[in-house]
Amino acid sequence: TQSPGLWPSSARGITQGLFSSTPGLEECGRIISLSGPVIRLGDPITASCIVNHTCSHVGPKSEILWKLGTEFQAGKQHSLPDGTQESTITLPHLNHSWALLACYLRWGDSLQILDQAELQAGYPPAIPYNLTCLMNLTTNNLTCQWEPGPSTHLSTNFTLKSFVSWDNCQTQKDSIPDCMPEDGQNHCSIPRKHLQLYQNVGVWVEAENVLGTSVSPQLCLIPSDVVKLEPPTLWGLDPSPEVTPPQPGCLKLRWESWRPSLYMDQKCELRHRPQLGEASWALVSPLRPKTFQHELCGLLPSTAYTLQMRCMRWPLPGHWSDWSPSLELTTAQRAPIVKLDTWWRQRQVDPKTVDVQLFWKPVPLEEDSEQIEGYLVSWRATDQAGANLFLCNTTELNCAFQLPSEVQKVVLVAYNAAGTSQPTLVVFLESRGPPLTRLYTMAQDPHSLWVGWEPPSPQPQGYVIEWGPGPPSPSGSSKIWRMEHNGSITGTLLQENIRPFQLYEITVTPLYQDSRGPSQNIYAYSQETVPSHAPELHLKHIGKTWARLEWVPQAAELGRSPLTHYTIFWTNSQDQSFSAVLNASSHDYVLHGLEPGSLYHVHLMATSQAWAINSTSLTLMTLGLDESELHIFLGLSSLLFLFFCLCGAIWLYCRPSRKNPLWPTVPDPAHSSLGSWVPTTTSEEIFQLPSLQDPGMQPITKITVLEEEEKKPGPLESNDSSETCGLPTLVQAYVLQGEPRAPCAQSQPESGNHVLYGQVLGSPTGPGPGHYLRCDSTQPLLGGLTPSPKSYENLWFHTSSLGTPEPLVPNQEEDCVFGPLLDFPLLQGLQVLGVEGLEGF
């Protein structure tokens, strides 16, 4: 069937969307295709839209528009001589298999559809290929199928054509009705009544659509030669007394052919594969003809298999049947084919009995070794007519039993439902062979250990290696063992059940022809861990600015990485941190530079190659300064301050420009009244002294009065005094700590006019009486001395026969004499600033 390509009149008057329909325009226009109803996909197309002149609503300037699908297209519009309006459109190529072309007339502000047409495009049909035919004996039909080729985008009809021929399909004898497949199908069947089973039949396929027709190559065949049989039915061979059971690794099966093919000669194929895994099919072909039983061998024992079969006519031509439904069979068991490696441990219970713990490992001798269900251990007793006595029947890989001391061997076998393995004779060898020369071990990674040795001479035939958790685990618990049959090896890698940070005990025993060597042990770790704890810090001694800490180094532990160094950290109360790194042999450390009376937090970190661990924190406080040390500290600080002040005063005094204005003029006491004299004070001569009533003032004060103007010595003044007090060069005021009485330093007087006049000892506000200190001077204070001193003269001096003043109280060790303060006439008029009255005096 095919669809028309154009609708010249049936679609007139259809409106869409905003388009409006006006009465009287329905018969005004039509579309005429100039390229045919259906075109080849990609070819150009031309169409015209004609508007009749009889349309009263169409003016000479009416506009005709085109639309293809949803897009407007440009057309060429012109007027014919009879007044008809025509618009022509040409599309260079149509890329859609189906499209709708519409013609519109602009009517005012809207568009009126005049006509529309359906456009179709596609390809001519391709040539059908791969035509095959099979004769189905169940339906008695010749069924043919083919491949249609790529889509044409058009409605395409397929027809199976055939005929009967006497010769090789060169001439047609009888025609056979055409076979039309159902829509969408690519096969068709010719009934048996139109066929001659043993005559040639020519068959081909014809494809047709509106753009063309194509024909497949002709197939010439004899229906009986293309017969396809139905698959056979498989059955397992039931066991019976007449039929021997299959051997291990074999399967016996039978099958029944399809009933309509019972009298046909056939050949069959069998395929099989194990159900476990993703094994591919194994093909067994051909099976013996006219037989309906087969024994399949070479299979894995105790394994389930899936089997399928197919058949075809033989020797006549034909096609293979489909594979039969699957049959599942399981092969029989066979006795284990294994070698048993054995090892043992013995312990003498009493002189007649020995405890034996026997171990074994099955080593399969074939890749498809049979499953083992259990093990038997027995020994042949000599006092019971050679009867076998069973010691163990177990599914484990070890067994413990007791034997008489004279028994030196037992028999071990593996068994299953099919039988037992070859017996393994276990001989308890005596330990009289030479030991290993050297045994050592090293860690390869956290989950493996290498154990090596130096073999003795003569060379052993093999070795037994045992390993398991070391102390404190019980001896022999959870041990794994392995037998090495190559006596020339010098080591092996242990990877089974090796974990890091676990101590392992490894035992190696050499095996000889009829004896064994002594077992040798070694302990090892695959990876060492951090020490269990860091040494604990203890405070040994502490001072004001230091603290001595000590700790007990931790003893080396098995499996623990040795320490490489220590790091000690301490932090003060201001969160300032300090640290020091010590070598691993250290056991004490002194913290220096601490502050007195301060709190510190200290902890120790022990570091190894594996990790680092911290000790517990230690809190300590340094000692504080006592009262005497505090006084010394303050005194030293004051002396240091006074030293700098003295240096500054000396510097000021040595400058000529500053020399005279600093010191006030002291009048000659011999020609003035000291009671009414008060020195004139200028702004430059005022000394800023602290108040004597200040409670922080020390109880000892030194006052020095110096002369300002230089005077020539008189006739009675002497400069040769050998024992005099040292004269200071600047005014001093300082605090003394300790004894209130101190001797004046003796030194040679300096040339100049500076005279130490006296020292006042005691506090002006103190309760006790004051004292004064009078020192000798190199210059007499008065112009001349008389035997009878006046009120302004020093009472304790008198003139010697040589005219030299001598003290009334001579003292060889001290030059200063203490007495009541008011006995000194020159101090009776002393004015003390900052003190209310002279109550202290």
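Trainee: What percentage of the 841 residues of the chain count as buried?

Mentor: A residue is buried if its relative accessible area is under 20%, exposed if over 50%, and partly exposed in between, with a 1.4 Å probe and protein chains only. The model is predicted, so local features need pLDDT of at least 70 and side-chain atom pairs count only at pLDDT 80 or more, while totals for chains, interfaces and linings use all residues. Residues are numbered from 1 along each chain as its sequence is written, and side-chain values use heavy atoms, with hydrogens and water left out. Of the 841 residues, the share that counts as buried is 37%.

Trainee: How many strands does the chain have?

Mentor: Helices (H or I, at least four residues) and strands (E, at least two) are DSSP runs, numbered from the N terminus. Besides two helices, the chain has strands to the number of 55.

Trainee: Among contacts between residues at least 6 apart in sequence, what percentage join residues at least 24 apart?

Mentor: A contact means heavy atoms within 4.5 Å. Among the contacts in the chain between residues at least 6 apart in sequence, the share joining residues at least 24 apart is 64%.

Trainee: How many disulfides does the chain contain?

Mentor: A disulfide is a covalent bond between the sulfur atoms of two cysteines. Here the rule is a pair of cysteine sulfur atoms within 2.5 Å. By this rule the count is seven.

Trainee: Why is the disulfide of Cys133 and Cys144 called right-handed?

Mentor: The sulfur atoms of Cys133 and Cys144 lie 1.9 Å apart. Cys133 belongs to strand S10 (residues 129-136) and Cys144 to strand S11 (residues 141-147), so the link ties together parts that are eleven residues apart in sequence. Both cysteines are buried. The disulfide is right-handed because the torsion about its S-S bond is about 110°.

Trainee: What is the relative accessible area of Cys297, which is joined to Cys250?

Mentor: The disulfide of Cys250 and Cys297 has an S to S distance of 2.1 Å, and its torsion of about 115° makes it right-handed. Cys250 counts as buried at 6% relative accessibility. Cys297, however, is partly exposed, and its relative accessible area is 42%.

Trainee: Which cysteine has the nearest sulfur to that of Cys645?

Mentor: Cys645 is in no disulfide. Cys645 is partly exposed, with a relative accessible area of 37%. At 9.2 Å, the nearest cysteine sulfur is that of Cys647.

Trainee: Which residue stands opposite Gly212?

Mentor: Two strands pair if DSSP finds at least two bridges between them. Strand S15 (residues 200-209) runs antiparallel to S16 and is joined to it by four bridges. The two strands form a hairpin with two residues between them. Opposite Gly212 stands Asn209.
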